[in-house]
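Good morning, and thank you for the time.

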Amino acid sequence: MQLRLSHAAHLPTFTRRGIPLRQLFPFSTASVFTMAATRRSSRLSSQQENHNATSTTEAMPPPSAPNIGRKRKSASAPSAPSTSPPTTPTKRRMTSRPPLTPTPSAVGVMVEPAAVDSKPLHRRINRLADPNLTNATLLSPESSRLISSKDMESVSPSKAPRVKVTTETLLQEANKYLISVDERMRPLVEKNFCRVFSPEGLAETIDPFESLASGIISQQVSGAAAKSIKAKFVGLFHGEDTDPSTHKRFPHPSEVAACTIEHLRTAGLSQRKAEYIQGLATKFSNGELTAQMLHDVPYEELLEKLLAVRGLGRWSVEMFACFGLKRMDVFSLGDLGVQRGMAAFVGRDVAKLKARGGGKWKYMSEQDMTELSDKFAPYRSLFMWYMWRVEETDVSTME
């Protein structure tokens, strides 16, 4: 390329701080233009070479991408060449197993009193029984007053012949009714004795505050852990008496309501459980919940009042109504042991049933359970107890 340098002599003299640039850079203006032209020519040649190299590269297949996920092998110990192609290791499939039902251990803690006296708190008395109401003898948590239905001795002679069910005949009448509804119940009734609704079971005295608080304590822990926490909880209210062999009474609701959450937690309770038990104690101490109310109200009203208490879920309330209050017409759709027993009762192979409904185990749909259990009203509590026994569930702790 030919440059015209005829006007170089007419270029202005540039200065830097008064010093001519010609003194700073000892080369002529013509040489500057020559260097610039040389650089431009080199740049054009380089671009042409890169274009040719790119065209050649595009005709060749692209190299395989390195496997970044694999670990580099040690250079000191090269592996021998494999004759078979590499295979991806298969993941081990975790076999899903149904969880065990917590019913026996949890209910055992719920119905077992903290103080066990050598003498029964309430002797066996033939009392009026009602399948739709409470049949247990309740202990008022604050006053220790006993609340129960009328005994037969206080019933007037004119009304006595019309009485069909008493605490002495309740279990017998209920079993007879279950068999009349479905003959398949006969072998279960003849093989298993339900002490819960027997005259001996109905003679036991239940502290409703202790039973409900024990249900909260037993949530999401093993039976052994729940008993240990309950014993420590009771020990908080007995001063220096730390002898574990002595049976101590369960604290009154007013005592628990007056405690701080921090003090209750020293028994091993979580923050939430301590708050739940203190809230339950407050409702008993201010009269919002009473033993008399729990004894007399219909079942639907009972559910509404107890489900309004923080920490009491539907399953806990149902177990309390059945095993604590000895109500005869309670049925729990959410209990896994009942689901499994009912499925086996109608002839399903429960060993082959798989998880359904988003991973939750369902041996039988709630609709099928409701249709079957409704036939046994008003003795669904007893029917539910027998459903646990279908699969040989150990219910000894519930009695």
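Let us begin with C259, which has a relative accessibility of 15% and therefore counts as buried, the limit being under 20%. Please keep in mind throughout that this is a predicted model.

How many disulfides does the count come to? The count is zero. A disulfide requires a pair of cysteine sulfur atoms within 2.5 Å. For C322, the nearest cysteine sulfur belongs to C194 and is 7.8 Å away, and C322 is in no disulfide. C322 is also buried, at a relative accessible area of 1%.

Next, the overall picture. The protein contains 17 helices and five strands. Of its 399 residues, 38% are buried. Its accessible surface amounts to about 24,600 Å², and carbon and sulfur atoms hold 54% of that area. Among contacts with a separation of 6 or more, 72% join residues 24 or more positions apart.

I turn now to the backbone. Which peptide bond is cis, with omega near 10°? That bond runs from A377 to P378. P378 lies in the loop between α16, residues 366-373, and α17.

Two residues other than glycine deserve mention for a positive phi. S144 has phi near 60° and sits in the loop between β3 (137-139) and β4 (146-147). With 43% relative accessibility, S144 counts as partly exposed. Q220 likewise has a positive phi, near 60°, and its place is the loop that links α7 (208-217) and α8 (223-235). Is Q220 buried or exposed? Q220 is exposed, with a relative accessible area of 84%.

Finally, the helix pair. Two packed helices are described by the distance between their axes and the angle between those axes. Helix α15, residues 336-345, and helix α17, residues 380-390, have axes that come within 7 Å and cross at roughly 75°. Because angles of 65 to 115 degrees count as roughly perpendicular, α15 is roughly perpendicular to α17. On the α15 side, the contact is made by G337, V338, G341, M342, A344 and F345. On the α17 side, the contributors are F383, M384, M387, W388 and V390. What is the division of these residues into nonpolar, polar and charged? In the contact of α15 with α17, nine are nonpolar, two are polar and none is charged.

That concludes the presentation, and I thank you for your attention.

Technical notes: Residues numbered from 1 in each chain as written. Predicted model: local features only at pLDDT ≥ 70, side-chain atom pairs only at ≥ 80, totals over all residues. Heavy atoms only, no water. Axes fitted to C-alpha atoms, helices over the stretch in contact; angles between N-to-C directions. Helix = DSSP H or I, 4+ residues; strand = E, 2+ residues; numbered from the N terminus. Parallel < 35°, antiparallel > 145°, perpendicular 65-115°, else oblique. Contact = heavy atoms within 4.5 Å. Nonpolar A, V, L, I, M, F, W, Y, C, P; charged D, E, K, R; others polar. Buried < 20%, exposed > 50% of the residue type's maximum accessible area, 1.4 Å probe, protein only. Areas by Shrake-Rupley, 256 points an atom, 1.4 Å probe, with all protein chains shown as cover.
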